[in-house]
Amino acid sequence: MSTRDSRIGVTFAVLSMTMVQLGLATSVGLFDRVGPEGAAWLRLACAAVIVLVLFRPRPSSFTRASFLAAVGLGIATGGVTLLFMAAVARLPLGTASALEFLGPLSVAVLRSRGRLIWPGLALAGVLLLTQPWHGSVDPLGVMFALAAAACWAAYILLTQRVGDAVTGLQGMGVSIPVAALLATVVAGPSTIPVMTWQLVAIGFGLALLLPVVPFSLEYLALRRLDAGVFGTLMSLEPALALLIGWILLSQSPGLLQAVGIACVVAAGIGAERAARPSTDQPEPDRLAIG
């Protein structure tokens, strides 16, 4: 792999993470109109329309097992999207993102030959972020973020299974519509009656911002980077969320919270580097996280 390809891959990965966080920050602006669950539903519903048009999943591409895995992936995708939006409604974007990142961090730790330093560092980061001795962080928001982390961990494992069994992007053509159906059950009854054409247009714009374009950029990055480099880059996402939350949402963290996010990022980088040799094939990290 050439140095030029590596640089292009890094650029694509950073652009993908930036668009994800911009999409999440922009979604916050919809909370007053449709609520956090409604914002998640709007984005997923519009994304489902886009991927069905672009990828048009074919029944012949699936076995029964791979189809069920794709459905499970859709449930995990819908869960992480709904839960994370609920968390962001109650927590700063950087804090919610760092807590949610405990999902992929847990997967990486399980692959890092049992080294306990990384979960210990992550735990220290979480304590600094939430500061339970002060009771200043919304406990329900923390619970939503941790539930989103569990869904993200399931998402990663199911993405691997679907990616091994289904060619191309056919799995995404099933998982995103399933996620949209789940969101419709949860948020559709309260959101659909207040929909306007303006909100529909915003929804399609957000769907392109997250997940359609970021996923495409990740796919291009994964073709140019090995798993270790890609995973290390993704470990920086909580820090990027902190920066975008500060710039766009005026969410300025305290010193201890900034140190906590740094601990989570460091734990993610360390666990990812220890998780697998760099010769392994890279794996997709997400389709519609957040």
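Among contacts in the chain of this predicted model between residues at least 6 apart in sequence, 91% join residues at least 24 apart. The secondary structure through which the chain passes comprises 12 helices and zero strands.

The overall dimensions were examined next. For 290 residues, a compact globule would have a radius of gyration near 19 Å, and the chain has 18 Å, so the value agrees with that expectation. Along the principal axes, the C-alpha atoms fill a box of roughly 45 × 45 × 35 Å.

Of the 290 residues in the chain, 53% are buried. In soluble globular proteins, nonpolar side chains tend to be buried together. In the present model, the largest nonpolar core has 88 residues, and those with the most contacts inside this core are F84, L93 and L105. The element that gives the most to the core is helix α2, spanning residues 31-55, with 13 residues. For L105, the residues touched are A122, A267, G268 and A271, when residues up to four places away in sequence are not counted.

Terms used:
Residues are numbered from 1 along each chain as its sequence is written. This is a predicted model: local features need pLDDT of at least 70, side-chain atom pairs count only at pLDDT 80 or more; totals for chains, interfaces and linings use all residues. Side-chain values use heavy atoms; hydrogens and water are left out. A nonpolar core is a set of buried Ala, Val, Leu, Ile, Met, Phe, Trp, Tyr and Cys residues joined through side-chain atoms within 4.5 Å. Buried means under 20% relative accessible area, exposed over 50%, partly exposed in between (1.4 Å probe, protein chains only). Helices (H or I, at least four residues) and strands (E, at least two) are DSSP runs, numbered from the N terminus. Contact means heavy atoms within 4.5 Å. The radius of gyration is taken over C-alpha atoms; the globule rule is 2.2 Å times the number of residues to the power 0.38.
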